[in-house]
Amino acid sequence: AIESSLLPDGSLAADAVLASEVRFGSKGEELSYYSKDGHRSDGGARDGGTASSGMLKLKRIMYATFLPSGYPASLPDEYTKYQAYNLLQDLTSNLRGILSTQKILEGMGVGKAGVTSLAATMQWMARDGSSMLGGLLFTAFASSSFGIHIKRWRLFADLINDVALLLDMLAPAYPELFLPIICLSSVFKAMCGVSAGACNAAIVQHWATRGNIADVGAKTGAQHTIVSVLALPLGFLFAQAANSSLQSLWASFVVLTSIHVWACYSMMRTLALRILTRSQLDRILPKLLFDDNEKSKGTSSMTPACLAKTDKLLWLPWAEDPFCSFELVFGVSLSTILRSGIPLKKLISLFEGEKFMVAQADDHPREAKKPKLVICVAEESTPRDYLRAYITAHVIARELNFSTKPTEQESLIRQALEKMRSSYQGVEKRLMDAGWDLQQVSLGQPAWVGRW
């Protein structure tokens, strides 16, 4: 049935309409209706305006330039709120960038007698070189975990950029350390660029619920561009006002930084990613697999929106996750999994039909805070297989007491596999019912893959 609110000026009765369609494009959302007798009627724009209206034309141009096609129906519910915070933090970064650039130029001696352009150029080149090298080193160190802790790394990017801008502001006060300080600041900005770029790619994929990644990415870029354009005249007035005294300069910087931190935190708290990561699974699976009370409640407490409210955003992105009761090493070598004491032939037999093997690691020290499981994955395994392996590891961890002998461990793993296989389809269904996208599983890339 067609909702009466969507019919054109009440000219058609809801029960007379057989079908309707909407066209998303530069002219906005244009509706058409097909009556039961086969006639087609033009419903006009969904917002009720007319094509000759100047304001409507302007609105359509703005929508076509800055918002993804089909907005808001084509995007997750939190998109508008997230982008509002995102553009606010972008504006504060632009305004603070004006102040920090001024301080850098001041430290380089712009306007002072006896300072040559060559000296300033050499300092600028050192700054750029530090940024490039820092970005490369940071990519080598952290890139493997960007997809595992998307929200934490995205917040880290903004906070490390705040530190960089603060260093730029302080640099002229220490002439003898000016060059090392601005080089360190450039390294921090490079870290921001690398981590923010990687995480934004995953976030754009989250927005593109209709597969329109290119359109969403282009419109996100257009929004940032218009903020930068608006920041130019605003920044001119702001710089004049902020430079009236040293106190007003620093007060402006502190206020803008506070707003920036608040906007970034709120932005990440709003974001309800449907991507299944380790952090999400470590919170969902105990309820989903072992808590009978939660099973009877349905999936309301396991939705992306519900978990977004309790994400550990301020936890260090590279630190061990606090949610899991055991340590899980993903993508280990065959030689590592054999340290469990179970022969390889036995392991292959146990996990016959699976594209992974899970066992207890025996190389962790007795004083370790958490016991350890290791997962070895097959070369042909997919992210969906990674999800199955991770769920299996949670079931096995429940069965093991992490002090059993290899022969006892083998028996317990077999029992855990039987339980997992009998209930796995139901687990997947509940995850999908809760709103998770099982095609987007981000548990990290394995360091090793095997063939057996």
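Q: What does the lining of the largest cavity have by class: how many nonpolar, polar and charged residues?
A: This is a predicted model, to start with. In it, the lining of the largest cavity has five nonpolar, four polar and five charged residues.

Q: And which residues lie nearest its centre?
A: Lys151, Thr277, Ser279, Gln280 and Asp311 do, out of 14 lining residues.

Q: Which elements give two or more residues to that lining?
A: Helix α4 (150-170), β4 (275-277) and α8 (278-290).

Q: What volume are we talking about for the largest cavity?
A: About 150 Å³. The structure holds one cavity of 30 Å³ or more.

Q: Where does the largest cavity lie relative to the domains, and why?
A: It lies between domain 2 (77-270) and domain 3 (276-450), because both of them give residues to its lining.

Q: OK, switching to sheets. What's the strand order in the open sheet of three strands?
A: The order is β5-β7-β6, and the pairing is mixed. Strands β5 (327-330) and β6 (356-360) are the edges, each pairing on one side only.

Q: How much are neighbouring strands turned against each other there?
A: By 20° on average, if you ignore direction.

Q: Are β6 and β7 paired in the parallel or antiparallel sense?
A: Antiparallel, over five bridges, with β7 covering residues 372-377. As a general point, strands of a sheet pair through backbone hydrogen bonds.

Q: Which residue is the bridge partner of Met357 in β7?
A: That's Cys376.

Q: New topic: how many salt bridges does the count come to?
A: The count comes to 15 salt bridges, with a cut-off of 4 Å between side-chain nitrogen and carboxyl oxygen. One of the pairs is Arg96 with Asp162, at 2.8 Å from N to O.

Q: Where in the chain do Arg96 and Asp162 sit?
A: In distant parts: Arg96 is in helix α2 (residues 79-107) and Asp162 is in helix α4, 66 residues apart. Helix α4 also turns up among the elements lining the largest cavity.

Q: Last one. Is the peptide bond from Tyr71 to Pro72 cis or trans?
A: The bond is cis, with omega near 0°. Most peptide bonds are trans, for context.

Q: And where does Pro72 lie?
A: Pro72 is in the loop between α1 (54-66) and α2.

Conventions. Residues are numbered from 1 along each chain as its sequence is written. This is a predicted model: local features need pLDDT of at least 70, side-chain atom pairs count only at pLDDT 80 or more; totals for chains, interfaces and linings use all residues. Side-chain values use heavy atoms; hydrogens and water are left out. On a 1 Å grid over the protein atoms alone, a cavity is a set of points where a 1.4 Å probe fits but cannot get out, and a pocket is an open set with protein on both sides within 12 Å along at least five of seven lines; lining residues have an atom within 4 Å of a point. Grid points are joined across faces, edges and corners, and a volume is the space filled by probe spheres set on the points. Helices (H or I, at least four residues) and strands (E, at least two) are DSSP runs, numbered from the N terminus. Ala, Val, Leu, Ile, Met, Phe, Trp, Tyr, Cys and Pro count as nonpolar, Asp, Glu, Lys and Arg as charged, and the others, Gly among them, as polar. Domain bounds come from an automatic or database domain assignment. Two strands pair if DSSP finds at least two bridges between them. Axes are lines fitted to C-alpha atoms, for helices over the stretch in contact, and angles run from 0 to 180 degrees between N-to-C directions.
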